[in-house]
Amino acid sequence: MSIVTAATLAIKGATVLLGKVAIIPIIIAALAYYNYDLMDPENYPKVTKNLRKEYDFVVVGGGSAGSVVVNRLTENPKWNVLLLEAGGHETEITDVPILSLYLHKSKVDWKYRTQPQDSACQAMIDRRCCWTRGKVLGGSSVLNTMLYIRGNRRDFDQWESFGNPGWGYEDVLPYFKKSQDQRNPYLARNTRYHSTGGYLTIQDSPYNTPLGVAFLQAGEEMGYDIVDVNGEQQTGFAFYQYTMRRGTRCSAAKAFVRPIQLRKNFHLSLWSHVTKVLIDPRTKKAYGVEFIREGRKEVVYARKEVILSAGAINSPQLLMLSGIGPRQHLEEVGITVIHDSPGVGQNLQDHIAVGGLAFLIDYPISTVMTRLVNLNSALRYAITEDGPLTANVGLESVGFISTKYANQSDDWPDIEFMLTSSSTSSDGGTHVKNAHGLTDDFYNKVFQNINYRDLFGVFPMLLRPKSRGFVKLKSKNPLDYPLMYHNYLTDPYDVNVLREGVKAAIAFGETSSMKRFGARFHSRALPNCNHIPLFTDEYWNCAIRQYTMTIYHMSCTAKMGPPTDRMAVVDPELRVYGVTGLRVIDASIMPTITNGNINAPVIMIGEKGADLVKRQWLSRWKRDNATIVAT
């Protein structure tokens, strides 16, 4: 990245954060950006104005999986591939790591909200959780916190044990490595688990506060090792790794789509909202899609396959709109049933954490926005590509721990500590509060008196929830948002594990490593729970239902499974049961959610899914040619 480019991003980022307008810097930035735009070797991919009527493959959704799929399928120059994405391009703002939460509820977000439920999200407006999803080329990898966590080997071995051959850990590890360009030389030399030269840049944070190291020391005090959480052992503590490149976000679009924009067999259509997969009711073969572009309905056909990579909300929605789903539900909304598939939209899983566990400290070292975003940090970002603007909303370290409900002798932890040099109040109750959807009353009662204070946060995240939500159609109108029911904490097991995670987080703040900074828990009683004796199990059982924070890992709504599993939507080759010429390749196909942040597993699914497609069609080509030769 050039200095003028970085300066542009930094100034725009600072303007967004602080709401200040400096006319001269803005003019300079505009001129610099204009010049940069003329020579940018990674310029935005060009949108194809005149689409063909037919392609070999039509891929719906340009997110973390879809970006990988189009990259790998266009490696075959004989195949023409179209990518349809409902959103538009990334912006300069999306590149700046510190701004990720500020993208929530922006134009690159679908702005989904769940239906009101009593089991969780009680501190949110209308008791509805905010489910941020990327409506942009690159999908949610453009809005996420860029955390690179692969999951646990037992996740994938379990998938295989469910009747999904080829999805065990040793089968999927090569696909994780295939994408990876590991920039940490210490990790890169461990070629069993890491690799270099892939499209996706993985690096350590360019900026850490003194709290980052202290988090690891506190983990050691609690009896845990410092480990490579993407290597041999997951249980333990580590610095986070990020999908970043030279101090800026390395989204799936930047990693996988921009490098192929000159391939003649690749076409891209943005602002194209797919409304239906076209399926012949007689042959039950998918042969194309309908979509809306520039206010007009258009149709494009697929010679070989339609591939849904629209994510765990939109892929099941599209299946149901196309007549694939639970018969009774489809008939209720007036959709003709092509194939009765009761698992579509069911089995929804997500990771949740308890928000707002804040620990005040005595030193001015945490990620307080008003202190970090200034002209000095902007210049540092521009010149050296590091500094506070590369901070990932304060996320510095991670801990994978086991509560009393996990097998202590097994390396399959049930809680992830997301350790931050910030918390909900670090920006004074502006963007973070808005992103999480907190009510004014809740925020003011709990956090207002610690606005902009130096502190750190521990977000205990439930790794293997037993509660299951679902997605269903509101109507047969494809522009109506689907109805989303999270069902968080409806299984008592989840309540018990998350409560123990909170208690462990409190203990973490009591370690001598954190006490060196004067750490003390912000122990304000939560509204709706202040009638219960403070810090008892009953209190925590109440508290975790208040500030219930999704980590935005919606998944498992079109799960993979064998033909004997009635709730399976796709087979182990990711082909949709009951219909030919149609696959799902995204987070929807997970049978169970993985042990950690899911962006890396979704990219792996894109890699493996594309390989399955290539293998099928190349083997068919070889078979057909062998037949021709034989005759």
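This is a predicted model: local features need pLDDT of at least 70, side-chain atom pairs count only at pLDDT 80 or more; totals for chains, interfaces and linings use all residues.
Modeller: Residues are numbered from 1 along each chain as its sequence is written, and side-chain values use heavy atoms, with hydrogens and water left out.

Biologist: What makes the link of Cys-121 and Cys-129 a disulfide?

Modeller: A disulfide is a pair of cysteine sulfur atoms within 2.5 Å, and the S to S distance of Cys-121 and Cys-129 is 2.0 Å, so the pair meets the definition.

Biologist: Why is this disulfide of Cys-121 and Cys-129 called right-handed?

Modeller: The torsion about its S-S bond is about 105°, and therefore the disulfide is right-handed.

Biologist: How do you know whether Cys-121 is buried or exposed?

Modeller: Buried means under 20% relative accessible area, exposed over 50% and partly exposed in between, with a 1.4 Å probe and protein chains only. Cys-121 has a relative accessible area of 0% and is therefore buried, and Cys-129, at 1%, counts as buried too.

Biologist: What makes Cys-529 and Cys-542 a disulfide, and what is its handedness?

Modeller: Their sulfur atoms are 2.0 Å apart, which places the pair within the cut-off for a disulfide, and with -85° about the S-S bond the link is left-handed. The pair links distant parts of the chain, 13 residues apart, with Cys-529 in the loop between strand S24 (520-521) and helix H17 (537-543), and Cys-542 in helix H17; helices (H or I, at least four residues) and strands (E, at least two) are DSSP runs, numbered from the N terminus. Cys-529, at 0% relative accessibility, counts as buried, and Cys-542 is buried with a relative accessible area of 15%.

Biologist: Which residues are closest to the centre of the second largest cavity, and what kinds make up its lining?

Modeller: Of the 16 residues that line this cavity, the closest to its centre are Gly-355, Gly-356, Leu-357, Arg-524 and Leu-526. The lining divides into twelve nonpolar, three polar and one charged residue, where Ala, Val, Leu, Ile, Met, Phe, Trp, Tyr, Cys and Pro count as nonpolar, Asp, Glu, Lys and Arg as charged, and the others, Gly among them, as polar. A cavity is a set of points, on a 1 Å grid over the protein atoms alone, where a 1.4 Å probe fits but cannot get out, and lining residues have an atom within 4 Å of a point.

Conventions
On a 1 Å grid over the protein atoms alone, a cavity is a set of points where a 1.4 Å probe fits but cannot get out, and a pocket is an open set with protein on both sides within 12 Å along at least five of seven lines; lining residues have an atom within 4 Å of a point.
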